[in-house]
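Subject: A structure to look through

Dear colleague,

Here is the structure I promised to hand over, with my notes on it below. Please open it beside this email and follow along as you read.

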Amino acid sequence: MTSERDRLPLAEDLRVFLAVVNKQSFAAAATELGQSPAYVSKRIQILEEALSARLLHRSTRGIRLTEEGERAQRWALRILDNFDQFIGDLSDSRTEPRGNVHICSSFGFGRCHVAPAVAELAERYPQLSLRLDLYDRVIDLVAEGVDLEILVGDDIPEQHIGKKLAQHQRILCASPDYLKAHGVPESLEALTQHQCLVLKERDNPFGIWSVTAEGEEQRIRVKGALSSNSGEVVLQWALKHHGIILRSQWDVQPYLDSGELVQVLAAYSQPASVWAVYPTRLAESAKLRVCVEFFQQRFSQLLG
């Protein structure tokens, strides 16, 4: 009798499935895997039977994922990534990391934190050739040839793999002089009566601050005379007493310590975790694996 355990998908079947999805062809996947098209077809059939789901639509025009197939693709990427890391951690021999790695991040965090980390990474692994690009927009990693994005925030594209590097938050603060002149807000709704220094980043809604208190998310529309797409600019405005900002704690902590800024509405914060995001698994890629591990160690120390 076949047990439930016997019907669990095998790692090899998941690899074959991802090869078919990537190549959009059974024949091309078979060539990449060094197997016959019949072998590939049989493994896909076994996987679909194990999952009791049809994963692919096949037609003369090509191959297309079903809804269940799209979910299976996301899980297969994560499962095999974890499996490969498990093998890598137990292996005594690792390939010397070498080759090109294209990294990207946002302007503010990238310039202040990712850039020095990349320089340190290059010193540690001299066989790596590292390229860092900074953007103020959402990046299509595959289309733009990016191997690794260091992303602030929890909006991870479903088709990619994300590894949390550090957990952090954004907080509300202003200068003592501003608060003396305009009063200290006692509630979230009171922010509508204040000059809020609005930052426009990536595809985030402009002028809407989403914050969390005691696990409950709340959104409020704010306004002010000044706004910018640069976090450094709005921070400087806050230091010059022009209004209230919602800014990453690692950026404002030195000014909180010096008394140049004061936190307001301390019960509210916005999650601002740092993630490594990559479009493919870390399997058999020493260069990408060591990059992710390095950033995880670096940022957990910096932001922990």
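Leucine 265 is found in the loop between strand E13 (262–263) and strand E14 (270–271), where helices (H or I, at least four residues) and strands (E, at least two) are DSSP runs, numbered from the N terminus. Its phi is near 45 degrees, a positive value in a residue other than glycine. With a relative accessible area of 12%, leucine 265 is buried, a word that means under 20% relative accessible area, while exposed means over 50% and partly exposed lies in between (1.4 Å probe, protein chains only).

Before going further, please keep in mind that this is a predicted model, in which local features need pLDDT of at least 70 and side-chain atom pairs count only at pLDDT 80 or more, whereas totals for chains, interfaces and linings use all residues. Residues are numbered from 1 along each chain as its sequence is written, and side-chain values use heavy atoms, with hydrogens and water left out.

The mean pLDDT of the chain is 84, and 87% of its residues reach 70 or more; pLDDT is the predictor's confidence in each residue, from 0 to 100. Over residues 1–5 pLDDT stays under 50, and the model has 2 contacts beyond four places in sequence for them, a contact being heavy atoms within 4.5 Å. Where pLDDT is low, the predicted coordinates should not be read in detail.

Glutamate 214 also has a positive phi, of about 55 degrees, although it is not a glycine. This residue sits in the loop between strand E9 (208–213) and strand E10 (216–221), and it counts as exposed because its relative accessibility is 86%.

Helix H1 covers residues 11–23, and its 13 residues should span 18 Å at 1.5 Å a residue, which agrees with end C-alpha atoms that are 18 Å apart; the expected span is 1.5 Å times one less than the number of residues. Among the buried residues of H1 are Leu14, Phe17, Val20 and Val21. Just after H1, glutamine 24 takes a positive phi of about 55 degrees.

Which residues touch the most other members of the largest nonpolar core? Of its 49 residues, these are Phe17, Val20, Leu56, Leu148, Ile150, Phe295 and Phe299, where a nonpolar core is a set of buried Ala, Val, Leu, Ile, Met, Phe, Trp, Tyr and Cys residues joined through side-chain atoms within 4.5 Å. This core draws at least three residues from each of domain 1 (9–87) and domain 2 (99–163 + 273–301), with bounds that come from an automatic or database domain assignment. Apart from this core lies another, of 18 residues, among them Leu188, Leu191, Val222 and Ile244.

Leaving aside neighbours within four places in sequence, valine 20 is in contact with residues including Phe26, Val40, Leu56 and Ile63. Leu56 is also one of the residues touched by threonine 66, together with Arg54, Leu55 and His57, not counting residues up to four places away in sequence. Threonine 66 is found in the loop between strand E2 (62–65) and helix H4 (67–90), and it is buried, with a relative accessible area of 6%.

Finally, the cysteines: cysteine 104 counts as buried at 0% relative accessibility, whereas cysteine 112 is partly exposed at 32%. If a disulfide is taken as a pair of cysteine sulfur atoms within 2.5 Å, the count comes to 0 disulfides.

With best wishes
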